[in-house]
Amino acid sequence: MIKIDFFPPDMVKEYEDQISEEIKRRNGNKNEIRFIPHMPKYTISIHDLLTADRSKILNTNGIKLYMFICSSQKYISQSNVELLRTLKSDFPQVHEIEHRNNNYKYRIYSTTYCTTCKDDTSPNNIITLVANIIKYKLALFDRNFAINYFNNAYIIRSISDLNSVLEQMFNEVNKELQDCTNNKKRFIDYSILSDKPDLRHKLMNSVGLRTCPYCNRNYITSYGEKSTADLDHFYQKKQYPLFALSLFNFVPSCSVCNSRMKNTYPADDALYPYEEGFEDDARFELKTTRKPYEKNFCESTVHLFQAIRDTKFDEFSLEIVTNPKTPPPKKKRIENSKKLFHLTEVYANHKRDALEAALRTRVYCEGSYKTSCDNLLKKLEESGMKMTASVDLEANMFADMIDYEWLMFGIFFNDEKRRYEKPLSKMIYDIYKSGKE
Ligand SMILES: [Zn+2]
């Protein structure tokens, strides 16, 4: 997961110019958008909705309420056990006591729910408590809104009762975005952009990315005016329709990450690439079950070499390890990103690349490679090529040539802007750093 730059200002302006008029027309020629039913005080301008960065959007009055309503759709469940399992990661009041071998036990405050049937849907007091904690959370954002939908939370006793309140809440919020000119459509509709393929491709190319920020495995490049990237909605447009056309919500990514991975698990609390990447908080580590790897340089180098030659990787594992000093909220986002994009599983296919990086690191750090580079540069200098600071061009050329890490690994480790422009470069960089330590 790589941190990336936001869209450049001229692109932001061009995007707004091309999209805002159509939204305004569908919104009854109004610039302000209302997004919570019965609550006219919550509005956002079309300008902000399209162009503001995430922190500004999150600080808009009512947006956190809106997002909680949208995300609460994940609590719509098929059974009591499924509901409690989903809730436990969001609400510390919900404790999972047991979840295995046909024994399921959960507790909220002093009420315990216990069943041997995973599919149990029978009414239970614990569902009433769940309805109340959801109501309480909503009330933290807006008390009146919470009362509107959960006034009688104490009579909600079954999964189906709770599901219907959650569904009603989401449906009514969606109705707020209904098109004035066509009741069957929403006025914030992704088709406004997808009908302009040139603009979509231009947007994706404008970020100047070369690899997918989510996986750093696949290239995303351009051909002619087009891009090989997908435009991912960080907050899925089905779940958060208000953000279907917001730039802050667009992340150019590879199609595997966009369509195959992200459909399975909500991204809400994963790393948001315009704000943070793995950095030093999560590093790739190559591990082996053989002890000498740590101790005996020669033996372990031979071990690496043999494994690559024979393509036998059983004695190695490649893990993404979180730094113990990383604050817990970021740790959680790292874990969510790993889970969302199946990073540990897809990187298991890159053990060979990791082993090669480890072997190169050893060869490089051992010194003989560096010595031969030094000798090469000396010979070039002796053969008449000047390397004086007064000739800028030549000096620059030599500055690149004596970047030994780049010569060895093909990656500009020392240039933060270019460090991750190649597939797998984060992994290779981490292995190189740990080999040097
Ligand atoms: Zn990807």
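Select helix α16 and helix α20 together, and you'll see α16 passing α20 in a right-handed crossing. Keep in mind that you're looking at a predicted model. To find the pair, pick residues 351–366 for α16 and residues 425–436 for α20. Their axes are 9 Å apart, and the helices pack at an angle of about 40°. An angle under 35 degrees would count as roughly parallel, so α16 and α20 are oblique to each other.

Now show the side chains where the two helices meet. On the α16 side, select A354, A357, A358, T361, R362 and C365. Their partners in α20 are M427, I428, I431, Y432, G435 and K436.

**Stop two: α20 by itself**

Stay with α20 and check how far it reaches. How far apart are the end C-alpha atoms of α20? They are 16 Å apart, and that agrees with the 16 Å that its 12 residues should span at 1.5 Å a residue.

Which residues of α20 are buried? Select S425, K426, M427, I428, Y429, D430, I431 and Y432 to see them.

**Stop three: another pair**

Hide all that and select residues 63–71, helix α4, along with residues 159–175, helix α8. Here the axes come within 9 Å and cross at roughly 130°. Angles over 145 degrees would be roughly antiparallel, so α4 and α8 are oblique to each other. The crossing of α4 and α8 is left-handed.

Show side chains once more. From α4, pick Y66, I69 and C70; from α8, pick M169, F170 and V173. Colour the contact of α4 with α8 by class and you get six nonpolar residues, with no polar and no charged ones.

**Last stop: zoom out**

Select the whole protein chain and switch to a cartoon view. You'll find 20 helices and 11 strands in the chain. How many of the 437 residues are buried, as a percentage? Buried residues make up 30% of them. Finally, think about contacts in the chain with a separation of 6 or more: 66% of these are accounted for by residues 24 or more positions apart.

Technical notes:
Residues are numbered from 1 along each chain as its sequence is written. This is a predicted model: local features need pLDDT of at least 70, side-chain atom pairs count only at pLDDT 80 or more; totals for chains, interfaces and linings use all residues. Axes are lines fitted to C-alpha atoms, for helices over the stretch in contact, and angles run from 0 to 180 degrees between N-to-C directions. Helices (H or I, at least four residues) and strands (E, at least two) are DSSP runs, numbered from the N terminus. Angles under 35 degrees count as roughly parallel, over 145 as roughly antiparallel, 65 to 115 as roughly perpendicular and the rest as oblique. A crossing is left-handed if the near helix is turned anticlockwise from the far one by less than a right angle, and right-handed if clockwise. Two residues are in contact if their C-beta atoms, placed from the backbone, lie within 7 Å. A residue is buried if 20 or more other C-beta atoms lie within 10 Å of its own, exposed if 12 or fewer, and partly exposed in between; C-beta atoms are placed from the backbone. The expected span of a helix is 1.5 Å times one less than its number of residues. Ala, Val, Leu, Ile, Met, Phe, Trp, Tyr, Cys and Pro count as nonpolar, Asp, Glu, Lys and Arg as charged, and the others, Gly among them, as polar.
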